[in-house]
Amino acid sequence: MTAFASVDAALKSTSPRTQAFIDGRFQDALTGQTMASISPIDGTHLAHVASCDERDVDLAVRAARQAFDKGLWRNASPSEKQRTMFRFAELIEANAEELALLETIDLGKPISNTRSADLPLTVQTVRYYAEAINKINDEIGPSPSDALSMIVREPLGVVGAVTPWNFPLLMAAWKFAPALATGNSIIMKPAEQTSLSLLRVAELAAEAGFPEGVFNVLPGDGPGAGKPLALHMDVDAVAFTGSTQVGKLIMGYAAQSNLKRVGLECGGKSPQIIMDDCDDLDAAASAAAWGVFYDQGQVCTAGTRLLVHRAIKDQFLDKVATIARELEPGDPLDPDTEFGSLVDQGQMQTVLGYVEKGKAQGADLIVGGAQARTASGGFYVEPTLFDNVTNDMTIAQEEIFGPVISAIAFDDLDEALTIANDSIYGLAAGIWTSNVNNAHIAGRRLRAGNVWINCWDGSDITTPFGGFKQSGFGRDRSLHALDKYTELKTIWLKLKGG
Ligand code: NAD
(Lines give C-alpha, C1' and ligand atoms only; values in the text may rest on other atoms or scores of the structure.)
Protein backbone atom coordinates (compact mmCIF):
# COMPACT_ATOMS: atom_id res chain seq x y z
CA MET A 1 0.00 0.00 0.00
CA THR A 2 1.16 3.50 -0.79
CA ALA A 3 2.83 5.45 1.99
CA PHE A 4 2.28 9.20 1.83
CA ALA A 5 4.93 11.80 2.52
CA SER A 6 2.43 14.49 3.49
CA VAL A 7 -1.23 15.16 4.19
CA ASP A 8 -1.36 17.10 0.95
CA ALA A 9 -0.10 14.11 -1.04
CA ALA A 10 -2.63 11.84 0.66
CA LEU A 11 -5.44 14.34 0.01
CA LYS A 12 -4.51 14.52 -3.68
CA SER A 13 -4.94 10.76 -4.01
CA THR A 14 -8.59 11.02 -2.87
CA SER A 15 -11.73 12.52 -4.41
CA PRO A 16 -13.46 14.11 -1.42
CA ARG A 17 -17.02 15.38 -1.78
CA THR A 18 -17.77 18.51 0.17
CA GLN A 19 -21.42 19.30 -0.62
CA ALA A 20 -24.50 18.00 1.18
CA PHE A 21 -26.10 14.90 -0.34
CA ILE A 22 -29.87 15.40 -0.55
CA ASP A 23 -32.42 13.56 -2.68
CA GLY A 24 -29.73 11.75 -4.65
CA ARG A 25 -27.74 14.88 -5.54
CA PHE A 26 -24.76 16.74 -4.15
CA GLN A 27 -25.65 20.36 -3.48
CA ASP A 28 -24.37 23.37 -1.56
CA ALA A 29 -25.99 24.39 1.69
CA LEU A 30 -28.89 26.69 0.77
CA THR A 31 -27.14 29.60 2.50
CA GLY A 32 -23.90 28.83 0.65
CA GLN A 33 -22.15 28.59 4.04
CA THR A 34 -19.17 26.29 4.44
CA MET A 35 -16.98 25.15 7.32
CA ALA A 36 -13.26 24.44 7.22
CA SER A 37 -12.00 20.90 7.54
CA ILE A 38 -8.53 20.96 9.11
CA SER A 39 -6.22 17.96 9.41
CA PRO A 40 -5.04 17.51 13.00
CA ILE A 41 -1.96 15.73 11.63
CA ASP A 42 -0.24 19.00 10.75
CA GLY A 43 -2.91 21.71 10.53
CA THR A 44 -3.34 21.39 6.73
CA HIS A 45 -6.57 22.90 5.40
CA LEU A 46 -8.33 19.97 3.73
CA ALA A 47 -11.57 21.34 2.36
CA HIS A 48 -14.47 23.75 2.69
CA VAL A 49 -17.45 21.55 3.56
CA ALA A 50 -21.09 22.63 3.24
CA SER A 51 -22.49 23.84 6.54
CA CYS A 52 -26.20 22.97 6.55
CA ASP A 53 -28.91 24.56 8.64
CA GLU A 54 -32.64 24.12 9.21
CA ARG A 55 -33.51 24.96 5.59
CA ASP A 56 -31.35 22.10 4.31
CA VAL A 57 -32.81 19.86 7.01
CA ASP A 58 -36.30 20.71 5.75
CA LEU A 59 -35.31 19.89 2.20
CA ALA A 60 -33.75 16.57 3.19
CA VAL A 61 -36.71 15.60 5.38
CA ARG A 62 -39.12 16.33 2.53
CA ALA A 63 -37.05 14.21 0.14
CA ALA A 64 -36.72 11.39 2.67
CA ARG A 65 -40.47 11.47 3.43
CA GLN A 66 -41.39 11.47 -0.25
CA ALA A 67 -39.10 8.52 -0.91
CA PHE A 68 -40.64 6.66 2.00
CA ASP A 69 -44.21 7.45 0.94
CA LYS A 70 -43.53 6.38 -2.64
CA GLY A 71 -42.29 3.08 -1.22
CA LEU A 72 -39.55 2.61 -3.81
CA TRP A 73 -37.23 1.33 -1.11
CA ARG A 74 -39.63 0.34 1.67
CA ASN A 75 -41.67 -1.90 -0.63
CA ALA A 76 -38.78 -3.28 -2.65
CA SER A 77 -38.65 -7.06 -2.38
CA PRO A 78 -36.26 -8.49 0.21
CA SER A 79 -34.00 -9.86 -2.52
CA GLU A 80 -33.89 -6.48 -4.28
CA LYS A 81 -33.03 -4.74 -1.00
CA GLN A 82 -30.34 -7.30 -0.36
CA ARG A 83 -28.80 -6.85 -3.81
CA THR A 84 -28.55 -3.09 -3.27
CA MET A 85 -27.07 -3.41 0.19
CA PHE A 86 -24.54 -6.06 -0.86
CA ARG A 87 -23.55 -3.86 -3.81
CA PHE A 88 -23.15 -0.97 -1.36
CA ALA A 89 -20.88 -3.09 0.85
CA GLU A 90 -18.81 -4.12 -2.17
CA LEU A 91 -18.41 -0.51 -3.27
CA ILE A 92 -17.27 0.55 0.20
CA GLU A 93 -14.82 -2.35 0.23
CA ALA A 94 -13.53 -1.51 -3.25
CA ASN A 95 -12.91 2.09 -2.11
CA ALA A 96 -11.68 1.20 1.37
CA GLU A 97 -8.16 2.52 0.85
CA GLU A 98 -9.44 5.97 -0.16
CA LEU A 99 -11.96 6.03 2.68
CA ALA A 100 -9.31 4.97 5.20
CA LEU A 101 -7.08 7.78 3.99
CA LEU A 102 -9.88 10.33 4.24
CA GLU A 103 -10.57 9.29 7.83
CA THR A 104 -6.90 9.38 8.76
CA ILE A 105 -6.28 12.86 7.39
CA ASP A 106 -9.57 14.20 8.77
CA LEU A 107 -9.14 12.76 12.25
CA GLY A 108 -5.48 11.88 12.85
CA LYS A 109 -6.25 8.22 13.54
CA PRO A 110 -3.33 5.97 12.49
CA ILE A 111 -3.75 4.64 8.96
CA SER A 112 -3.04 1.15 10.30
CA ASN A 113 -6.24 1.47 12.39
CA THR A 114 -8.48 2.86 9.67
CA ARG A 115 -7.23 0.16 7.28
CA SER A 116 -7.48 -2.74 9.71
CA ALA A 117 -10.52 -1.77 11.79
CA ASP A 118 -12.75 1.14 10.69
CA LEU A 119 -13.17 0.15 7.06
CA PRO A 120 -13.41 -3.66 7.37
CA LEU A 121 -15.86 -3.29 10.26
CA THR A 122 -17.98 -0.83 8.28
CA VAL A 123 -18.18 -3.27 5.36
CA GLN A 124 -18.98 -6.13 7.73
CA THR A 125 -21.79 -4.06 9.31
CA VAL A 126 -23.46 -3.36 5.96
CA ARG A 127 -23.17 -7.04 4.96
CA TYR A 128 -24.53 -8.26 8.29
CA TYR A 129 -27.73 -6.20 7.98
CA ALA A 130 -28.04 -7.03 4.27
CA GLU A 131 -28.00 -10.69 5.24
CA ALA A 132 -30.61 -10.09 7.95
CA ILE A 133 -33.15 -8.73 5.45
CA ASN A 134 -34.59 -12.12 4.52
CA LYS A 135 -33.83 -13.90 7.79
CA ILE A 136 -36.28 -12.12 10.07
CA ASN A 137 -39.86 -13.40 10.09
CA ASP A 138 -42.92 -11.71 11.49
CA GLU A 139 -45.01 -13.55 14.10
CA ILE A 140 -48.42 -15.15 14.32
CA GLY A 141 -49.89 -14.94 17.81
CA PRO A 142 -51.61 -17.74 19.76
CA SER A 143 -55.06 -16.35 18.94
CA PRO A 144 -58.39 -18.21 19.33
CA SER A 145 -59.60 -20.30 16.38
CA ASP A 146 -61.93 -17.55 15.13
CA ALA A 147 -59.14 -15.04 14.73
CA LEU A 148 -55.66 -14.64 13.28
CA SER A 149 -53.31 -12.28 15.06
CA MET A 150 -50.27 -11.12 13.15
CA ILE A 151 -47.45 -9.21 14.81
CA VAL A 152 -45.53 -7.40 12.09
CA ARG A 153 -42.50 -5.14 12.08
CA GLU A 154 -42.78 -1.95 10.08
CA PRO A 155 -40.17 0.69 9.30
CA LEU A 156 -40.53 3.96 11.22
CA GLY A 157 -40.26 6.24 8.20
CA VAL A 158 -37.66 9.02 8.30
CA VAL A 159 -34.72 8.40 10.62
CA GLY A 160 -32.25 11.12 11.59
CA ALA A 161 -28.79 10.00 12.73
CA VAL A 162 -26.35 12.28 14.53
CA THR A 163 -22.90 10.79 14.92
CA PRO A 164 -19.49 11.59 16.47
CA TRP A 165 -16.02 12.02 15.00
CA ASN A 166 -14.12 9.17 16.62
CA PHE A 167 -15.25 6.39 14.24
CA PRO A 168 -16.91 8.50 11.54
CA LEU A 169 -17.96 5.73 9.17
CA LEU A 170 -18.38 2.87 11.60
CA MET A 171 -20.69 4.78 13.96
CA ALA A 172 -22.67 5.97 10.94
CA ALA A 173 -22.90 2.40 9.58
CA TRP A 174 -24.17 1.11 12.92
CA LYS A 175 -27.16 3.43 12.27
CA PHE A 176 -27.67 3.48 8.51
CA ALA A 177 -27.26 -0.26 7.90
CA PRO A 178 -30.06 -1.48 10.22
CA ALA A 179 -32.23 1.55 9.38
CA LEU A 180 -31.97 0.86 5.63
CA ALA A 181 -32.31 -2.90 6.03
CA THR A 182 -35.69 -2.34 7.69
CA GLY A 183 -36.93 -0.03 4.90
CA ASN A 184 -36.49 3.45 6.36
CA SER A 185 -35.16 6.61 4.72
CA ILE A 186 -32.19 8.08 6.57
CA ILE A 187 -30.65 11.52 7.05
CA MET A 188 -27.14 11.43 8.48
CA LYS A 189 -25.55 14.37 10.30
CA PRO A 190 -21.83 13.59 10.70
CA ALA A 191 -19.68 15.41 13.26
CA GLU A 192 -18.43 18.74 11.91
CA GLN A 193 -14.78 17.65 12.35
CA THR A 194 -15.12 14.58 10.12
CA SER A 195 -17.61 14.76 7.24
CA LEU A 196 -15.39 13.64 4.37
CA SER A 197 -15.62 9.85 4.49
CA LEU A 198 -19.41 9.76 4.91
CA LEU A 199 -19.93 12.22 2.05
CA ARG A 200 -17.84 9.97 -0.22
CA VAL A 201 -19.93 7.01 0.96
CA ALA A 202 -23.09 8.90 -0.04
CA GLU A 203 -21.77 8.85 -3.60
CA LEU A 204 -21.31 5.09 -3.30
CA ALA A 205 -24.85 4.72 -1.94
CA ALA A 206 -26.16 6.39 -5.10
CA GLU A 207 -23.99 4.10 -7.22
CA ALA A 208 -25.30 1.06 -5.33
CA GLY A 209 -28.81 2.04 -6.40
CA PHE A 210 -30.69 3.33 -3.36
CA PRO A 211 -33.62 5.36 -4.69
CA GLU A 212 -33.29 9.14 -4.45
CA GLY A 213 -34.11 10.53 -1.02
CA VAL A 214 -33.46 7.27 0.85
CA PHE A 215 -29.86 8.06 1.87
CA ASN A 216 -29.01 11.67 2.71
CA VAL A 217 -26.00 13.31 4.37
CA LEU A 218 -26.15 16.79 5.88
CA PRO A 219 -22.78 18.07 7.04
CA GLY A 220 -22.91 20.91 9.53
CA ASP A 221 -22.40 21.71 13.17
CA GLY A 222 -24.52 20.44 16.05
CA PRO A 223 -26.70 23.46 16.82
CA GLY A 224 -27.01 24.39 13.10
CA ALA A 225 -27.88 21.02 11.55
CA GLY A 226 -28.19 18.39 14.32
CA LYS A 227 -30.65 20.36 16.42
CA PRO A 228 -33.20 21.13 13.65
CA LEU A 229 -33.02 17.48 12.58
CA ALA A 230 -33.80 16.30 16.12
CA LEU A 231 -36.51 18.97 16.48
CA HIS A 232 -38.16 18.28 13.13
CA MET A 233 -41.85 17.39 13.29
CA ASP A 234 -41.61 15.01 10.36
CA VAL A 235 -38.63 12.95 11.55
CA ASP A 236 -39.77 9.73 13.21
CA ALA A 237 -36.63 8.80 15.12
CA VAL A 238 -33.25 10.18 15.97
CA ALA A 239 -30.38 7.78 16.54
CA PHE A 240 -27.57 9.56 18.33
CA THR A 241 -24.01 8.67 19.24
CA GLY A 242 -21.99 11.26 21.09
CA SER A 243 -21.52 12.84 24.48
CA THR A 244 -23.98 12.43 27.33
CA GLN A 245 -24.37 16.21 27.47
CA VAL A 246 -25.62 16.41 23.87
CA GLY A 247 -27.61 13.17 24.32
CA LYS A 248 -29.65 14.94 26.98
CA LEU A 249 -30.34 17.81 24.57
CA ILE A 250 -31.49 15.33 21.92
CA MET A 251 -34.03 13.87 24.35
CA GLY A 252 -35.24 17.39 25.04
CA TYR A 253 -35.67 18.12 21.34
CA ALA A 254 -37.72 14.96 20.90
CA ALA A 255 -39.90 15.99 23.85
CA GLN A 256 -40.33 19.54 22.53
CA SER A 257 -41.36 18.37 19.07
CA ASN A 258 -43.15 15.17 18.09
CA LEU A 259 -42.03 12.60 20.70
CA LYS A 260 -39.86 10.99 18.06
CA ARG A 261 -38.13 7.78 19.00
CA VAL A 262 -34.70 8.39 20.53
CA GLY A 263 -31.71 6.03 20.75
CA LEU A 264 -28.68 7.26 22.67
CA GLU A 265 -25.14 5.86 22.60
CA CYS A 266 -23.28 8.21 24.89
CA GLY A 267 -20.10 8.57 26.89
CA GLY A 268 -18.22 6.28 29.26
CA LYS A 269 -15.67 6.12 32.04
CA SER A 270 -15.04 2.42 32.00
CA PRO A 271 -13.35 0.53 34.84
CA GLN A 272 -10.87 -2.27 34.18
CA ILE A 273 -10.23 -4.35 37.34
CA ILE A 274 -6.96 -6.24 37.81
CA MET A 275 -7.22 -8.86 40.58
CA ASP A 276 -4.15 -10.16 42.43
CA ASP A 277 -5.10 -13.68 41.24
CA CYS A 278 -4.72 -12.69 37.56
CA ASP A 279 -2.37 -15.31 36.09
CA ASP A 280 -1.20 -13.28 33.09
CA LEU A 281 -0.21 -9.81 34.22
CA ASP A 282 1.59 -9.10 30.95
CA ALA A 283 -1.57 -9.66 28.93
CA ALA A 284 -3.55 -7.59 31.45
CA ALA A 285 -0.99 -4.76 31.31
CA SER A 286 -1.15 -4.73 27.53
CA ALA A 287 -4.97 -4.58 27.68
CA ALA A 288 -4.83 -1.86 30.33
CA ALA A 289 -2.56 0.25 28.13
CA TRP A 290 -4.17 -0.44 24.75
CA GLY A 291 -7.66 -0.23 26.25
CA VAL A 292 -6.92 3.49 26.59
CA PHE A 293 -4.17 4.30 24.10
CA TYR A 294 -5.90 2.79 21.05
CA ASP A 295 -7.03 5.71 18.90
CA GLN A 296 -5.38 8.02 21.46
CA GLY A 297 -8.10 7.29 24.01
CA GLN A 298 -10.85 8.70 21.79
CA VAL A 299 -12.96 5.60 22.22
CA CYS A 300 -16.21 5.59 24.18
CA THR A 301 -15.35 2.27 25.87
CA ALA A 302 -11.79 3.28 26.82
CA GLY A 303 -10.86 1.64 30.14
CA THR A 304 -9.74 4.89 31.67
CA ARG A 305 -10.28 3.86 35.31
CA LEU A 306 -7.65 1.21 35.98
CA LEU A 307 -8.52 -0.50 39.27
CA VAL A 308 -5.55 -2.54 40.55
CA HIS A 309 -5.34 -4.78 43.63
CA ARG A 310 -3.02 -3.07 46.11
CA ALA A 311 -0.84 -6.20 46.50
CA ILE A 312 0.26 -6.05 42.84
CA LYS A 313 -0.25 -2.39 42.05
CA ASP A 314 3.38 -1.23 41.84
CA GLN A 315 4.50 -4.26 39.86
CA PHE A 316 1.55 -3.94 37.51
CA LEU A 317 1.81 -0.20 36.94
CA ASP A 318 5.51 -0.63 36.07
CA LYS A 319 4.43 -2.83 33.17
CA VAL A 320 1.79 -0.34 31.99
CA ALA A 321 4.24 2.55 32.38
CA THR A 322 6.81 0.73 30.23
CA ILE A 323 4.27 0.35 27.40
CA ALA A 324 3.25 4.00 27.75
CA ARG A 325 6.85 5.25 27.62
CA GLU A 326 7.68 3.18 24.56
CA LEU A 327 4.61 4.37 22.68
CA GLU A 328 5.63 7.54 20.90
CA PRO A 329 3.09 9.65 19.03
CA GLY A 330 3.90 9.44 15.33
CA ASP A 331 2.73 10.52 11.88
CA PRO A 332 -0.73 8.91 11.41
CA LEU A 333 0.01 8.42 7.69
CA ASP A 334 3.03 6.22 8.46
CA PRO A 335 1.82 2.60 8.37
CA ASP A 336 4.07 1.79 11.37
CA THR A 337 2.51 4.45 13.59
CA GLU A 338 0.37 3.05 16.40
CA PHE A 339 -0.50 6.29 18.17
CA GLY A 340 -1.60 9.38 16.23
CA SER A 341 -3.05 12.81 16.92
CA LEU A 342 -6.17 13.98 18.71
CA VAL A 343 -9.03 15.20 16.55
CA ASP A 344 -8.43 18.92 16.89
CA GLN A 345 -6.83 21.65 18.91
CA GLY A 346 -9.87 22.01 21.19
CA GLN A 347 -9.77 18.33 22.13
CA MET A 348 -6.02 18.57 22.80
CA GLN A 349 -6.57 21.54 25.13
CA THR A 350 -9.38 19.69 26.91
CA VAL A 351 -7.15 16.68 27.54
CA LEU A 352 -4.22 18.82 28.72
CA GLY A 353 -6.65 20.67 31.01
CA TYR A 354 -7.65 17.36 32.63
CA VAL A 355 -3.96 16.51 33.17
CA GLU A 356 -3.59 19.78 35.08
CA LYS A 357 -6.71 19.01 37.14
CA GLY A 358 -5.32 15.56 37.99
CA LYS A 359 -2.07 17.06 39.23
CA ALA A 360 -3.85 19.80 41.15
CA GLN A 361 -6.11 17.29 42.92
CA GLY A 362 -3.14 15.22 44.13
CA ALA A 363 -2.81 12.37 41.63
CA ASP A 364 0.76 11.33 40.73
CA LEU A 365 1.71 11.78 37.09
CA ILE A 366 3.89 8.76 36.26
CA VAL A 367 4.19 9.01 32.46
CA GLY A 368 3.39 11.61 29.80
CA GLY A 369 0.94 14.44 30.29
CA ALA A 370 2.38 16.84 27.72
CA GLN A 371 1.78 17.93 24.16
CA ALA A 372 3.96 16.07 21.64
CA ARG A 373 5.27 16.59 18.08
CA THR A 374 4.74 20.33 18.46
CA ALA A 375 6.88 21.08 15.38
CA SER A 376 4.39 19.17 13.20
CA GLY A 377 1.69 21.83 13.56
CA GLY A 378 -0.70 19.05 14.64
CA PHE A 379 -2.41 18.17 17.91
CA TYR A 380 -0.69 15.35 19.79
CA VAL A 381 -0.68 14.38 23.47
CA GLU A 382 1.65 11.81 25.04
CA PRO A 383 0.27 8.55 26.45
CA THR A 384 -0.39 9.45 30.06
CA LEU A 385 -0.58 7.46 33.30
CA PHE A 386 -1.65 8.77 36.70
CA ASP A 387 -1.17 6.77 39.91
CA ASN A 388 -2.76 7.29 43.33
CA VAL A 389 -6.05 8.48 41.89
CA THR A 390 -9.15 8.31 44.06
CA ASN A 391 -12.53 7.77 42.49
CA ASP A 392 -13.85 11.16 43.56
CA MET A 393 -11.22 13.06 41.56
CA THR A 394 -12.32 14.78 38.36
CA ILE A 395 -10.02 12.57 36.25
CA ALA A 396 -11.84 9.50 37.63
CA GLN A 397 -15.36 10.87 37.22
CA GLU A 398 -15.38 12.80 33.93
CA GLU A 399 -14.86 11.42 30.45
CA ILE A 400 -11.53 12.84 29.22
CA PHE A 401 -11.67 11.28 25.74
CA GLY A 402 -7.90 11.26 25.45
CA PRO A 403 -4.94 8.99 26.27
CA VAL A 404 -5.10 9.30 30.06
CA ILE A 405 -5.21 6.34 32.47
CA SER A 406 -6.23 6.94 36.09
CA ALA A 407 -5.00 4.11 38.35
CA ILE A 408 -6.93 3.44 41.57
CA ALA A 409 -5.95 0.89 44.24
CA PHE A 410 -8.39 -1.48 45.98
CA ASP A 411 -8.12 -4.23 48.60
CA ASP A 412 -10.77 -6.79 47.67
CA LEU A 413 -13.31 -7.63 44.97
CA ASP A 414 -16.20 -6.07 46.83
CA GLU A 415 -14.41 -2.73 47.06
CA ALA A 416 -13.36 -2.94 43.40
CA LEU A 417 -16.95 -3.51 42.26
CA THR A 418 -18.21 -0.66 44.44
CA ILE A 419 -15.66 1.74 42.93
CA ALA A 420 -16.31 0.41 39.42
CA ASN A 421 -20.04 1.09 39.72
CA ASP A 422 -19.55 4.50 41.33
CA SER A 423 -19.93 6.44 38.08
CA ILE A 424 -22.72 8.14 36.17
CA TYR A 425 -21.63 6.01 33.19
CA GLY A 426 -22.14 2.33 32.44
CA LEU A 427 -20.87 1.62 28.96
CA ALA A 428 -18.19 -1.04 29.53
CA ALA A 429 -16.29 -2.72 32.36
CA GLY A 430 -13.81 -5.53 32.70
CA ILE A 431 -12.01 -7.83 35.11
CA TRP A 432 -8.82 -9.86 34.93
CA THR A 433 -8.90 -12.87 37.26
CA SER A 434 -8.12 -16.58 37.21
CA ASN A 435 -10.80 -17.24 39.83
CA VAL A 436 -13.99 -18.39 38.12
CA ASN A 437 -16.11 -17.28 41.05
CA ASN A 438 -14.72 -13.73 40.93
CA ALA A 439 -15.29 -13.68 37.17
CA HIS A 440 -18.96 -14.62 37.48
CA ILE A 441 -19.64 -12.35 40.44
CA ALA A 442 -18.11 -9.42 38.56
CA GLY A 443 -19.95 -10.30 35.36
CA ARG A 444 -23.24 -10.02 37.24
CA ARG A 445 -22.51 -7.06 39.48
CA LEU A 446 -20.80 -4.68 37.05
CA ARG A 447 -23.41 -2.18 35.87
CA ALA A 448 -22.41 -1.82 32.23
CA GLY A 449 -23.69 -2.78 28.81
CA ASN A 450 -20.47 -4.64 27.96
CA VAL A 451 -18.51 -6.70 30.50
CA TRP A 452 -15.18 -8.22 29.47
CA ILE A 453 -13.49 -11.00 31.39
CA ASN A 454 -9.77 -11.60 30.80
CA CYS A 455 -9.85 -9.41 27.71
CA TRP A 456 -10.74 -5.86 26.73
CA ASP A 457 -13.09 -4.85 23.97
CA GLY A 458 -14.10 -8.38 23.04
CA SER A 459 -17.14 -8.13 20.77
CA ASP A 460 -18.31 -8.27 17.20
CA ILE A 461 -21.24 -7.34 15.00
CA THR A 462 -23.34 -10.23 16.36
CA THR A 463 -23.39 -8.82 19.92
CA PRO A 464 -25.42 -5.79 21.06
CA PHE A 465 -23.54 -2.63 21.98
CA GLY A 466 -24.78 0.11 24.27
CA GLY A 467 -24.81 1.47 27.77
CA PHE A 468 -26.44 1.48 31.17
CA LYS A 469 -27.12 4.65 33.17
CA GLN A 470 -26.04 7.92 31.50
CA SER A 471 -24.17 6.01 28.79
CA GLY A 472 -27.53 5.88 27.05
CA PHE A 473 -30.14 3.38 25.98
CA GLY A 474 -31.04 1.34 22.93
CA ARG A 475 -28.55 -0.97 21.29
CA ASP A 476 -26.43 -0.80 18.15
CA ARG A 477 -25.13 -3.96 16.41
CA SER A 478 -26.71 -7.43 16.36
CA LEU A 479 -30.31 -8.18 15.46
CA HIS A 480 -31.43 -6.21 18.55
CA ALA A 481 -30.54 -3.00 16.68
CA LEU A 482 -33.48 -3.67 14.35
CA ASP A 483 -35.82 -2.82 17.24
CA LYS A 484 -34.58 0.77 17.08
CA TYR A 485 -35.79 1.26 13.52
CA THR A 486 -39.07 -0.63 13.49
CA GLU A 487 -42.53 -0.39 15.02
CA LEU A 488 -44.39 -3.51 16.07
CA LYS A 489 -47.92 -3.61 14.74
CA THR A 490 -50.67 -6.03 15.70
CA ILE A 491 -53.16 -7.00 13.00
CA TRP A 492 -56.12 -8.98 14.32
CA LEU A 493 -58.21 -10.66 11.64
CA LYS A 494 -61.63 -12.01 12.62
CA LEU A 495 -62.32 -15.36 10.98
CA LYS A 496 -65.77 -16.71 10.16
CA GLY A 497 -66.57 -20.35 10.93
CA GLY A 498 -63.48 -20.95 13.04
P1 NAD B 1 -20.64 15.40 20.72
O2 NAD B 1 -21.75 15.02 21.63
O3 NAD B 1 -19.96 16.69 20.93
O4 NAD B 1 -21.15 15.42 19.22
C5 NAD B 1 -21.80 14.30 18.66
C6 NAD B 1 -22.67 14.77 17.52
O7 NAD B 1 -23.69 15.61 18.06
C8 NAD B 1 -21.94 15.60 16.48
O9 NAD B 1 -22.43 15.27 15.20
C10 NAD B 1 -22.33 17.02 16.84
O11 NAD B 1 -22.29 17.92 15.76
C12 NAD B 1 -23.75 16.82 17.32
N13 NAD B 1 -24.26 17.88 18.18
C14 NAD B 1 -23.57 18.70 19.00
N15 NAD B 1 -24.41 19.57 19.61
C16 NAD B 1 -25.66 19.29 19.15
C17 NAD B 1 -26.95 19.85 19.39
N18 NAD B 1 -27.14 20.87 20.23
N19 NAD B 1 -27.99 19.29 18.76
C20 NAD B 1 -27.83 18.23 17.92
N21 NAD B 1 -26.64 17.70 17.63
C22 NAD B 1 -25.56 18.21 18.25
O23 NAD B 1 -19.62 14.18 20.75
P24 NAD B 1 -18.25 14.04 19.98
O25 NAD B 1 -17.27 14.97 20.64
O26 NAD B 1 -18.46 14.14 18.52
O27 NAD B 1 -17.87 12.52 20.28
C28 NAD B 1 -17.32 12.11 21.47
C29 NAD B 1 -18.40 11.54 22.37
O30 NAD B 1 -19.07 10.47 21.71
C31 NAD B 1 -17.82 10.92 23.62
O32 NAD B 1 -18.62 11.28 24.71
C33 NAD B 1 -17.93 9.43 23.36
O34 NAD B 1 -17.96 8.64 24.52
C35 NAD B 1 -19.18 9.36 22.58
N36 NAD B 1 -19.26 8.11 21.81
C37 NAD B 1 -20.12 7.14 22.25
C38 NAD B 1 -20.19 5.93 21.57
C39 NAD B 1 -21.14 4.87 22.02
O40 NAD B 1 -21.42 3.97 21.21
N41 NAD B 1 -21.65 4.89 23.23
C42 NAD B 1 -19.39 5.71 20.45
C43 NAD B 1 -18.53 6.73 20.03
C44 NAD B 1 -18.47 7.93 20.73
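Which side chain meets that of Asp295 in a salt bridge? I began with this pair, keeping in mind that the model is predicted, and I found that the partner is Lys109, with 2.7 Å from N to O. When I searched the whole interface of domain 1 and domain 2 by the same rule, one salt bridge came up.

I then went back to how the chain is divided, and noted that domain 1 takes in 7–266 together with 472–488, while domain 2 covers 271–461. For the contact between them I listed 31 residues from domain 1 and 32 residues from domain 2. I also looked up the C-alpha centres of the two domains, which lie 30 Å apart.

Next I turned to the area of the interface, where I read that domain 1 and domain 2 bury about 2400 Å² between them, with 58% of it on carbon and sulfur atoms. For polar contacts across the interface of domain 1 and domain 2, I recorded 11 residue pairs, both residues of each being at pLDDT 80 or more.

My last entry concerns the side of domain 1 that touches domain 2, to which helix H1 (7–12), helix H4 (96–107) and helix H5 (111–132) are the elements that give two or more residues. Of these I marked H5, which gives the most to that side, with nine residues. Sorting the residues on this side of domain 1 by class, I wrote down 15 nonpolar, 11 polar and five charged.

Notes
Residues numbered from 1 in each chain as written. Predicted model: local features only at pLDDT ≥ 70, side-chain atom pairs only at ≥ 80, totals over all residues. Heavy atoms only, no water. Domains from an automatic or database assignment. Contact = heavy atoms within 4.5 Å. Buried area = accessible area lost by both parts, 1.4 Å probe. Salt bridge = Lys/Arg side-chain N within 4 Å of Asp/Glu carboxyl O. Polar contact = N/O pair within 3.5 Å; in protein donor to acceptor, adjacent residues only side chain to side chain. Helix = DSSP H or I, 4+ residues; strand = E, 2+ residues; numbered from the N terminus. Nonpolar A, V, L, I, M, F, W, Y, C, P; charged D, E, K, R; others polar.
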